[in-house]
There are 2 protein chains.
Amino acid sequence: MRIAELSKRSGVAVATIKYYLREGVLPPGERTSPNQADYSEKHQHRLRLVRALVEVGGLSIAGVRDVLGTVDAPQPDLTWTLSTVQLAMFPIPEATEGPTRSSAEDTVTRLLDDLGWSCPSDHPAAQALAAVLATADDLGHPGMADLLPRYARAAGEVAKADLDYIDRSPSLDDAAEGVAVGTVLGDSMLAALRRMAQVSESINRYGEKAGAKPG
Amino acid sequence: MRIAELSKRSGVAVATIKYYLREGVLPPGERTSPNQADYSEKHQHRLRLVRALVEVGGLSIAGVRDVLGTVDAPQPDLTWTLSTVQLAMFPIPEATEGPTRSSAEDTVTRLLDDLGWSCPSDHPAAQALAAVLATADDLGHPGMADLLPRYARAAGEVAKADLDYIDRSPSLDDAAEGVAVGTVLGDSMLAALRRMAQVSESINRYGEKAGAKPG
DNA sequence: ACAGTATGGATAGCGACACTCTCCACTATC
DNA sequence: GATAGTGGAGAGTGTCGCTATCCATACTGT
């Protein structure tokens, strides 16, 4: 198919598709003449994936490029693939310093120890967690740390489900894409469910009232 | 204190503080003369809160304004406060249409029913969940829906912890801020813990190898 | 008292980002 | 052979979160 049809089928503007081609998040079509190319269902699928990563996952175009680079070069080491996707999604950690931050790092180390998790305490995610705890502390909400065990238990369950899902993939390629899709969509899914559960729990405890929508 | 000291203490540039004042996310200082104002510890705290919402929660300035508007007008109805904060954080849902979307909505309705959650199935969060499921379907990953029960159980646990945390607040003002902080920081906390748990679980299943950092 | 600095307020500018538009030589199609 | 569409490249657009510049006035140190 040609670019106009790819655009029509995907609902993405031609100019945007050209932009994605330029940015390298969509591979070029197969040349049929100096200025004519042919796009396949693979391009259609890739375009959907790009849109999902951008719209649902909130990734930047550069982040999408990173993730797709990993998906396209499937390593047998899924741990590596997982870490790469995670890094593309959460490129944050710009380490802060200070007493609250140090004690937050201790808290995280202790948590990992208590849980027996095989995650290094200098992992970006662990650093991010320490940063969040330090922020809560600075805001005068040190009680957030008390939530850690329950949050961690829930996160552990989710992670097991995630890895089970990846394990079901028939091929390495599928597993790599499964990691990307699962990481990105899983985050949104979990966030949505948390909000729903909060609303439900809130209604159960405090009553319905204006419940659903305040605006 | 004057603006220069507020800037020094908070690490936020004077120009940025002026910008926040203009945007209404920081209340004006107390006038002492036509062009002189005095800022208190309250401003310092508010500034920290704004930075946390922006940096950790990824909220836009407009989103911060919405959240703070709710925090500053504490309603006795915590369900309302919760919903408002949620809306400011996830203003997404721009409803799509199509067969996958409809069946995703059915799936969500059924899930709510099975779980016995008191969350209306037309709640924005439920819509967001349906959108995610539809996206997964369109991407050729219909198996994501199988993860729902385990995800939901985990989300339920987290939500109970969240509401327990809010319940501990001594005053209504504190509860309102607790909702905002808890919702925003809780999301980041949960995401970080999920990543850590994924890494841990991945190492347990597939071995260490390049584990922590691929780049 | 008076130079030097800081302040609040308003306006304009900047850099990043994700597109979107315009132009071009050329090709496909009617 | 007129018309519409193509790939490619560059410039332009709108939004966002600041950041810089001005200005008249106010505070500060000597």
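1. α9(A) passes α8(B) in a right-handed crossing. Right-handed means that the near helix is turned clockwise from the far one by less than a right angle. Helices here are DSSP runs of H or I with at least four residues, strands are runs of E with at least two, and both are numbered from the N terminus.

2. This is a predicted model, in which local features need pLDDT of at least 70, side-chain atom pairs count only at pLDDT 80 or more, and totals for chains, interfaces and linings use all residues. Residues are numbered from 1 along each chain as its sequence is written, chains are lettered from A and ligands numbered from 1 in the order in which they are written, and side-chain values use heavy atoms, without hydrogens and water.

3. Back to the helix pair. Helix α9 (residues 172-206) of chain A packs on helix α8 (residues 148-167) of chain B at about 50°, and their axes are 7 Å apart. Axes are lines fitted to C-alpha atoms over the stretch in contact, and angles run from 0 to 180 degrees between N-to-C directions. The pair is therefore oblique. Oblique covers what is left after roughly parallel (under 35 degrees), roughly antiparallel (over 145) and roughly perpendicular (65 to 115).

4. How are the two protein chains related? A rotation of 180° with 0.0 Å of shift along its axis superposes chain A on chain B, with an RMSD of 0.1 Å. That is the relation of a two-fold axis. In chain A, Ala154(A) comes closest to the axis, at 2.3 Å (C-alpha).

5. Next, DNA strand D. There are 23 residues around DNA strand D, and Ile3(A), Arg31(A), Ser33(B), Asn35(B) and Ser60(B) come nearest. A residue is near a strand if one of its heavy atoms lies within 4 Å of it. A polar side-chain atom of Lys18(A) is 3.1 Å from a base nitrogen. Polar contacts are pairs of N or O atoms within 3.5 Å. α2(B) gives the largest share of this surface, 5 residues.

6. Now DNA strand C. Which element gives the largest share of the surface near DNA strand C? α2(A) does, with 5 residues. A base oxygen is 3.2 Å from a side-chain N or O atom of Asn35(B).

How values were computed: Polar contact = N/O pair within 3.5 Å; in protein donor to acceptor, adjacent residues only side chain to side chain. Least-squares fit on C-alpha atoms with pLDDT ≥ 70 in both.
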